[in-house]
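I set out to record what I looked up in this structure. The entries follow in the order in which I made them.

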Amino acid sequence: MTAFALPYSLHVLAAVIWVGGMFFAWMVLRPAAVSELQAPERLKLWAEVFRRFFKWVWVTILVLPISGIGMWHMRFDSLNAAPRYVHIMAGIFLVMLALFLRIQLLQLPELKRAITAQNWPEGGAALGKIRRLVGINLLLGVLVVALASARPLF
């Protein structure tokens with residue numbers, strides 16, 4: 001086992017947790033919640049799902065740059081020596097991080113306030129904003145996975 005194997009494994013695992021969690025939420029949980037739950041229960045469910053999932057996202061947000069930069073230094077003589085796809089993946093991570101922070105710091109508190117006030121239309125609007133941002137992040141995450149998978153072709 002090389003020194004590169006541990007950061008690489010941690011990096012891939014963190015990406016799978018974040019992107020896989022968004023895929024599950026978008027493609028499986030959301031349609032099931034919409035078909036089975038009324039607005040109050042659905043909004044409460046999502047608040048709890050975000051509370052639990054975002055703890056894991058915070059872990060991935062720490063692991064991804066640490067492992068990524070570690071691999072970058074192990075593999076390339078300088079940051080400039082890395083191939084273009086590595087720079088693109090790092091840039092997409094920063095965009096995904098910004099979108100996640102927007103959800104965590106702005107949209108999620110709005111959802112929680114609406115639930116506390118039992119203002120279900122406002123809560124639905126807040127959840128809709130979160131859903132759109134998660135959708136964008138999911139597409140970006142899938143793009144990163146595609147880039148990482150295709151890297152020998154670059």
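I looked up Phe 24 and located it in helix α1, which covers residues 5–36. The model is a predicted one, and I read each entry below with that in mind. I noted a relative accessibility of 43% for Phe 24. Phe 24 therefore counts as partly exposed, since that class lies between the buried limit of under 20% and the exposed limit of over 50%.

I turned next to the UniProt record. Its unreviewed entry lists residues 12–32, 53–73, 85–103 and 133–150 under "transmembrane region". I checked two of these spans in the model. Residues 53–73 are 100% helix and 0% strand, with 30 Å between the end C-alpha atoms. For residues 133–150 I again noted 100% helix and 0% strand, and here the end C-alpha atoms are 26 Å apart.

The unreviewed UniProt entry also carries the annotation "domain: Copper resistance protein D" for residues 48–149. I found that span to be 89% helix and 0% strand, and its end C-alpha atoms lie 33 Å apart.

My last entry concerns Glu 110, which I placed in helix α3, residues 84–116. Is Glu 110 buried or exposed? Its relative accessibility is 17%, so Glu 110 counts as buried, the cut-off being under 20%. I noted a polar contact at 3.2 Å between the side chains of Glu 110 and Lys 129. Setting aside neighbours within four places in sequence, I listed Glu 122, Ala 126 and Lys 129 as contacts of Glu 110.

Conventions. Residues are numbered from 1 along each chain as its sequence is written. This is a predicted model: local features need pLDDT of at least 70, side-chain atom pairs count only at pLDDT 80 or more; totals for chains, interfaces and linings use all residues. Side-chain values use heavy atoms; hydrogens and water are left out. Helices (H or I, at least four residues) and strands (E, at least two) are DSSP runs, numbered from the N terminus. Buried means under 20% relative accessible area, exposed over 50%, partly exposed in between (1.4 Å probe, protein chains only). A polar contact is a pair of N or O atoms within 3.5 Å; within protein, one must be able to donate a hydrogen and the other to accept it, and residues adjacent in sequence count only if both atoms are side-chain atoms. Contact means heavy atoms within 4.5 Å. UniProt positions are given in the numbering used here, feature names are shortened, and annotations may be inferred rather than shown by experiment.
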